[in-house]
Amino acid sequence: MSSTLKGKKGLIVGIANEQSIAWGCAQAFHAAGAELAITYLNDKTEHFVRPLAEKVQARIILPLDVQNENQMSELFQAIEETWDNLDFVLHAVAYAPQKDLHGRVIDCSVSGFLTAMDISCHSLLRLAKGAEPLMKKGGCILTASYYGGEKVVENYGIMGPVKAALESSVRYLAAELGWKGIRVNALSPGPIATRAASGISDFADLMEAACLRSPGCETVSIDSVGAYARFLVSDEARFVTGSTVYIDAGYNIMAG
Ligand code: NAD
């Protein structure tokens with residue numbers, strides 16, 4: 001039987017379109033009975049995100065550029081006014097300037113490094129800080145990482161160090177918030193063809209190699225990530241925190 005999320009309220013940050021990992025998760029959360037707040041990056045993406053948010057009957061649909069402090073505080077204010085409580089947050093956001101992403105890590109500019117770190121990693125800390133006072137009965141915070149934060153993956157470039165920092169942040173947040181019943185975990189999916197992924201050079205080759213190397217020889221889907229995320233935010237996963245969990249058909253266990 002799949003985990004129920006009936007009565008739970010969750011915030012989803014990171015839907016760009018129907019291919020987004022966050023969309024796979026939003027559908028799974030909705031199907032399990034959760035009420036959702038969904039954000040979109042800007043006017044351009046609203047056009048794609050709003051119809052999806054309406055499909056899962058999101059109670060709150062608001063803009064959020066994670067670098068915009070006002071939008072961040074307006075979002076948490078809206079959540080407080082609507083629900084007075086929050087049970088889970090999904091942070092599925094990543095960005096690095098193309099020039100820095102496509103170059104060697106050693107050549108990454110200071111500004112590119114800071115932008116990638118701010119949007120892809122520190123934004124998790126900001127979301128956690130906003131969520132903490134609303135998670136009055138405990139809660140679960142999820143982010144999305146990738147194996148390239150742990151091992152060197154060709155063409156993943158500066159996002160590797162950024163994901164390493166993200167996974168470490170998950171452990172520190174989990175340790176700091178555990179006494180409040182707030183769990184923090186990172187999902188680590190295998191390669192999936194999304195808009196963010198299209199920014200990585202030769203991504204199709206990466207997908208093919210991952211499929212061939214994984215024990216099951218399978219490509220991961222956003223639905224399979226959603227199913228795992230649904231479990232993690234449910235009460236059934238109450239003893240799982242500070243972890244990076246692979247949804248990669250076993251790719252991470254293979255030597256290469
Ligand atoms: P995606 O392009 O669908 O999602 C990335 C999201 O980040 C988009 O919704 C975009 O609007 C958002 N974003 C970028 N800058 C932002 C900002 N300043 N403020 C708010 N939102 C911003 O791609 P995805 O693959 O679903 O990516 C989601 C997460 O999953 C990312 O953290 C990514 O690194 C991670 N991930 C992806 C894969 C993969 O193969 N696709 C594998 C492992 C982990």
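Gln57 is exposed, with a relative accessible area of 57% (exposed means over 50%, buried under 20% and partly exposed in between, with a 1.4 Å probe and protein chains only). Gln57 sits in the loop between H2 and strand E3 (60-63). Its phi is positive, about 50 degrees, although Gln57 is not a glycine. Cys217 also has a positive phi of about 50 degrees and is not a glycine. Cys217 belongs to the loop between helix H7 (203-213) and H8. Cys217 is partly exposed, at a relative accessible area of 40%.

The model is predicted: local features need pLDDT of at least 70, side-chain atom pairs count only at pLDDT 80 or more, and totals for chains, interfaces and linings use all residues. Residues are numbered from 1 along each chain as its sequence is written, and side-chain values use heavy atoms, with hydrogens and water left out.

Helices (H or I, at least four residues) and strands (E, at least two) are DSSP runs, numbered from the N terminus.

**Strand E5**

Six of the six residues of E5 are buried, so E5 is largely enclosed by the rest of the structure. In a regular strand the side chains alternate between the two faces of the sheet. Gly139, Ile141 and Thr143 are buried on one side of E5, and Cys140, Leu142 and Ala144 are buried on the other. E5 has parallel partners. Strands pair if DSSP finds at least two bridges between them. E4 and E5 pair in the parallel sense over four bridges, with Leu90 bridged to Leu142. E5 and E6 pair in the parallel sense over six bridges. Thr143 stands opposite Ala186 in E6.

H6 (residues 159-177) has 19 residues, which should span 27 Å at 1.5 Å a residue; its end C-alpha atoms are 26 Å apart, which agrees. The expected span is 1.5 Å times one less than the number of residues. Buried residues of H6 include Met159, Val162, Leu166, Val170 and Leu177. The buried residues of H6 pack against strand E4 (88-91), helix H4 (98-102), helix H5 (110-131), strand E5 (139-144), strand E6 (182-189) and strand E7 (244-247) (contact means heavy atoms within 4.5 Å).

In H1, the buried residues include Trp23, Cys25 and Phe29. The buried residues of H1 pack against strand E1 (9-13), E2, helix H2 (43-55), E4, E6 and helix H8 (222-233).

On a 1 Å grid over the protein atoms alone, a cavity is a set of points where a 1.4 Å probe fits but cannot get out; a pocket is an open set with protein on both sides within 12 Å along at least five of seven lines; lining residues have an atom within 4 Å of a point. Points are joined across faces, edges and corners, and a volume is the space filled by probe spheres set on them. The structure holds two cavities of 30 Å³ or more.

| Space | Volume | Lining residues include |
|---|---|---|
| Largest cavity | about 60 Å³ | Met207, Cys211 and Val220 |
| Second largest cavity | about 40 Å³ | Tyr146, Tyr147 and Tyr246 |

The largest pocket has a volume of about 1,100 Å³. Of its 42 lining residues, the closest to its centre are Ala92, Val93, Ala94, Tyr95 and Ala196. Helix H1 (21-31), strand E2 (35-40), H4 and H6 each give two or more residues to that lining.
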